[in-house]
Amino acid sequence: MKDLRVTQLSHRKLLLASLAEAAVNDASAEGLASSFEKAWDVLAAAERSDASVVEELLLHPSVGVWLARALRAAAAGRLCRADVGYLSSMAVAAAVRCRISCALEIPVVHGAVTLPTVGQVVLVEDSTVDAVEVAVSAAGEVALRGGAGHPQAGRPWSNDAFRLEPVKVLECRWDGVRLRTELDDRGPYREFTDPIPPRPLGLREQGEWEKQIGDAWSLLVEEYRGFAEELSEGVSAIVPFGAGTSVAGASSSVAYGAIAVSRKKSAFELAEALIHEMQHSKLNALFDFAELCVPGTENLGYAPWRDDPRPTGGLLHGVFAFTTAVEFWRRRRDTDGPARRAADFHYGYRRWQVRQTLESLAGAADLTDLGRRFVELVSERLDLVEHDDVSGTVLDAIGKMTREHRAFWRAQHLRPDPSWVTGLAEAWAAGDVAATRPQPLPEVVPCQRSIPPSPRVGMLKALLLDGADPAEHGGASSADLAYVRGDLDAAHGSYEEQVRSNPADDRAWLAFGLAGVGGEGGNAVVRSPETVLAVRDRLLTGGVPIDQPLKLVTWLDSALR
């Protein structure tokens, strides 16, 4: 972790130097270079006073997000004062902490001036101004003056016109391991996007967050000490997502050390989310100075944990983070009752996902030598923890869920060779005997077919983990209920009737194939749903009726082997 921190600091300094060069050379924005140089001089003075303060500022997650945005603006030739103004925010923050007197103009964003690692100056009387001059005394006290273009430019504002909201710092200690992190509810770049308004936590909400983080920390130190020590060194900001978000957790390639999370039902869930996002943060930092994929390639593949196609870099992120999940849930299996079944499920589910993806990555053409070595090391790590027994009930549910997810993914994002599909459709329509035909690799075309998700995966998971009655799941048909309850014959027959009544129903075809799984590798719908649906489309377009779907699938079984 210390090595990652050092390389991140070097990376940030290089980015800042690039932005400085762009600001100095950009003649389109009047006064841009002068503003940048003033802030730079203050930061340099602060570094001479206390280099650790400037280092902490440079490594602050918001600085990474800002630099990425500003450099994109510079590359597009539209660098402006607002883009470089955050350097002044950093400089004033450093001046406050190092007791250096200065006066710099800083942009006002959503009614506030942000001073990373210090807090926010919230404008009370006039929050519509674009910029204010922030003055810092030798005692570290902050005062405001009207910015350029303001009716009171250069005049000091009364103390009633603004207030300083200090940054929230949370510190947890357990058994000698400390977590010290910012609880960021105000920073404009805290969700790794364009600047957003502050969303200050109320006292009760803040207390709830602090308690859950504290409980998660004690759990991590006691049961997952290695992960806790990693988090202790690597996390600098935890961002509470607002209520109603569907995102469980997030990190960013440009915000090393920041983890954004939604409220969890338990400290255990929060602990898992923190560990998971820390892995992404580590790998993002590695990607800044090591090439695991060949630059410029955009190969897309299947990630069992996502509904969309992912580039190779995204697959590397997934196997790295979810190998940690396998380790996490394996340790959690030392319990009894429903908790053991949940741990069995997550352990078995994640190890299947990671192993399948590692096998596909082994032949990825766009991996560098270092990338291939990375895949080998992750595979060796998984080897150590993937062989524990899991109950047949759990494995059966995992098998159904994984087959369904992969079938839906392939049907929506893979496009088989059109001439090959035409040949299959013409052979079927002519009544030819199915003969094995060399199958060209399908092309990945994101969202080339949109299929509404089925309720079955949710039903299977709820039945397994909570014992929930599948009949209570909204949107479930009698065929779905039969499938989830294990009556595949009844489900297969019902789905076949759905296909007969509406041959254009993609979801019915997929369900029909999934309920008819048989033999090694299943049937044509399971193995190559994109081909079955493409042939079906060609037949319907040509006016060929499909009144015997089972016969067509059986014929395609032979043709695709």
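Strands here are DSSP runs of E with at least two residues, helices are runs of H or I with at least four, and both are numbered from the N terminus. Two strands count as paired if DSSP finds at least two bridges between them. Strand β3 (residues 119-123) runs antiparallel to β6 and is joined to it by five bridges. Across from Phe162 in β6 sits Leu123.

Residues are numbered from 1 along each chain as its sequence is written, and side-chain values use heavy atoms, leaving out hydrogens and water. As the model is predicted, local features need pLDDT of at least 70 and side-chain atom pairs count only at pLDDT 80 or more, while totals for chains, interfaces and linings use all residues.

A second open sheet has five strands in the order β7-β8-β9-β11-β10, and its pairing is mixed. Here β7 (169-174) and β10 (249-250) stand at the edges with a single partner strand each, so one side of each is left without a neighbour in the sheet. Strand β9 (residues 237-240) and strand β11 (residues 258-261) pair in the parallel sense, over four bridges. Within this pair, Ile238 stands opposite Ile259 in β11.

Two helices lie across strands of this second sheet. Helix α6 lies across β7, β8 (177-183), β9 and β11, at about 30° to β7. Helix α8 lies across β9, β10 and β11, at about 140° to β11. Axes are lines fitted to C-alpha atoms, for helices over the stretch in contact, and angles run from 0 to 180 degrees between N-to-C directions.

The two helices also pack on each other: α6 (residues 203-223) and α8 (residues 267-287) meet at an angle of about 75°, with their axes 8 Å apart. They are therefore roughly perpendicular to each other (65 to 115 degrees; under 35 counts as roughly parallel, over 145 as roughly antiparallel and the rest as oblique). In the contact (heavy atoms within 4.5 Å), Gln212, Ile213, Asp215, Ala216, Leu219 and Leu220 of α6 meet Ala267, Phe268, Leu270, Ala271 and Ile275 of α8.

Another helix pair is α4 (residues 61-75) with α5 (residues 81-98), packed at about 150° with axes 8 Å apart. That makes α4 roughly antiparallel to α5. The contact uses Ser62, Val63, Trp66, Ala70 and Ala73 from α4, along with Asp83, Val84, Tyr86, Leu87 and Met90 from α5.

Finally, a few single residues. Arg99, in the loop between α5 and β1 (102-107), has a positive phi of about 60° although it is not a glycine. Cys447 likewise is not a glycine but has a positive phi of about 60°, and is found in the loop between β15 (443-444) and α14 (456-466). Most residues other than glycine have a negative phi. Arg99 counts as partly exposed at 48% relative accessibility, and Cys447 as exposed at 62% (buried means under 20% relative accessible area, exposed over 50%, partly exposed in between, with a 1.4 Å probe and protein chains only).
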